[in-house]
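Here is a friendly note to read with the model open beside you. Take the points in order, and find each residue as you go.

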Amino acid sequence: MQPRASSDTDLRRVFLDAARHLLVRDGYKSLSMRKLARAAGYSATSIYLHFENKDALFHALIEEGMERLLAAFREVEAAYADDPEGRLEALCRAYIRFGLDSPEYYEVMFMLHPEHMERYPADKFRRARRNLDVLAAALADGAACGAFCAAEPRVLASTLWAALHGAVSLLIARRLDVRIDAEAFIETTIAHALRGVRSVAPARTAPGV
């Protein structure tokens, strides 16, 4: 039985936590306000006082997760303000740690793919994009001091993100070969990602194109 919320803010938190768990366990299609109400121990009517529909719930969870990831990134930025190389490595570690420490948030943010969902609001998308901008800024700062070759920081940041996401996804889904040590896998992923950043050069246009 869920503990009773003492305020509207607490009640919203109860619904978000229950929805996050149900989404990861049962998937987006299976989630309904009635099922969420049962899981949370409240009436469906009380949910609608906070969320218009399950898409609004889903969007709120994505936004929460993005804000939590951004907070972790901001801590790294502050600690490595004058060290873009150290900052980028620390950002990679912060990303992987976030995914492993908050797997439900991570799955909601990046691994659930609802076929029929309202478009993610543009203002929320712009705020979520700040996470990519943090990575791109580290790459741009590193390029400015000659540490990285990043002619297109956002493109390279997206490539780096893809490598990190692949590692986190394997670990969360428990699809990593059992013969491989997880920590060694993480260290190798980060090392290869950073090596690529240091060696990548702008693509050349083929003659005659």
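1. Let us start with a word we will need throughout: two residues are in contact when they have heavy atoms within 4.5 Å of each other. Please keep in mind that this is a predicted model. Among contacts in the protein between residues at least 6 apart in sequence, 70% join residues at least 24 apart.

2. Now the overall picture. The protein has 10 helices and 0 strands, and from the N terminus on its elements run α-α-α-α-α-α-α-α-α-α. The C-alpha trace spans about 65 × 40 × 40 Å along its principal axes. Of the 209 residues in the protein, 43% are buried.

3. Next, a pair of helices. Two packed helices are described by the angle between their axes and the distance between the axes. Helix 5 (residues 84-101) packs with helix 6 (residues 103-111) at an angle of about 105 degrees, and their axes are 5 Å apart. Angles of 65 to 115 degrees count as roughly perpendicular, which makes helix 5 roughly perpendicular to helix 6.

4. Which residues in helix 5 and helix 6 meet? On the helix 5 side they are Tyr 95, Phe 98, Gly 99, Leu 100 and Asp 101. Their partners in helix 6 are Pro 103, Tyr 105, Tyr 106, Met 109 and Phe 110. Sorted by class, this contact has 8 nonpolar, 1 polar and 1 charged residues.

5. On to the aromatic rings. A pair of aromatic rings is described by the distance of the centres and the angle of the planes. A search of the whole structure finds 7 aromatic pairs. In one of them, the rings of Phe 15 and Tyr 42 have centres 5.7 Å apart and planes at 80 degrees, so this pair is edge-to-face. The pair links distant parts of the chain, 27 residues apart: Phe 15 is in helix 1 (residues 8-26), while Tyr 42 is in the loop between helix 2 (33-40) and helix 3 (44-48). Are these two buried or exposed? Phe 15 counts as buried because its relative accessibility is 0%, and Tyr 42 counts as buried at 15%.

6. A second pair is worth a look. Tyr 28 and Phe 58 form a tilted aromatic pair, 5.5 Å centre to centre with 45 degrees between the planes. This pair also links distant parts of the chain, 30 residues apart, with Tyr 28 in the loop between helix 1 and helix 2 and Phe 58 in helix 4 (residues 54-79). Both Tyr 28 and Phe 58 are buried.

7. Tyr 95, Tyr 106, Phe 110 and Trp 161 are linked into a cluster by ring pairs. At Tyr 105, the charged end of Arg 20 sits over the ring, 4.5 Å from its centre.

8. Glu 107 lies in helix 6, and at 19% relative accessibility Glu 107 counts as buried. Not counting residues up to four places away in sequence, Glu 107 touches Val 24, Leu 112 and Ile 172. Glu 85 is in helix 5, and with a relative accessible area of 34%, Glu 85 is partly exposed. Leaving aside neighbours within four places in sequence, Glu 85 is in contact with Ala 147, Phe 148 and Arg 198. Glu 85 and Ala 138 are 53 residues apart in sequence, yet their C-alpha atoms are 7.7 Å apart in space.

9. Finally, two residues to check by eye. Arg 174, in the loop between helix 9 (153-172) and helix 10 (182-199), has a positive phi of about 55 degrees although it is not a glycine. Arg 174 counts as exposed at 76% relative accessibility. Tyr 48 is in helix 3 and is partly exposed, with a relative accessible area of 47%. The C-alpha atoms of Tyr 48 and Met 33 are separated by 8.5 Å, and these residues are 15 apart along the chain.

Terms used. Residues are numbered from 1 along each chain as its sequence is written. This is a predicted model: local features need pLDDT of at least 70, side-chain atom pairs count only at pLDDT 80 or more; totals for chains, interfaces and linings use all residues. Side-chain values use heavy atoms; hydrogens and water are left out. Axes are lines fitted to C-alpha atoms, for helices over the stretch in contact, and angles run from 0 to 180 degrees between N-to-C directions. Helices (H or I, at least four residues) and strands (E, at least two) are DSSP runs, numbered from the N terminus. Angles under 35 degrees count as roughly parallel, over 145 as roughly antiparallel, 65 to 115 as roughly perpendicular and the rest as oblique. Ala, Val, Leu, Ile, Met, Phe, Trp, Tyr, Cys and Pro count as nonpolar, Asp, Glu, Lys and Arg as charged, and the others, Gly among them, as polar. Rings of Phe, Tyr and Trp (its six-membered ring) pair if their centres lie within 6.5 Å; planes under 30 degrees apart count as stacked, over 60 as edge-to-face and the rest as tilted. Buried means under 20% relative accessible area, exposed over 50%, partly exposed in between (1.4 Å probe, protein chains only). A charge sits over a ring if NZ of Lys or CZ of Arg is within 6 Å of the ring centre and within 35 degrees of the ring normal.
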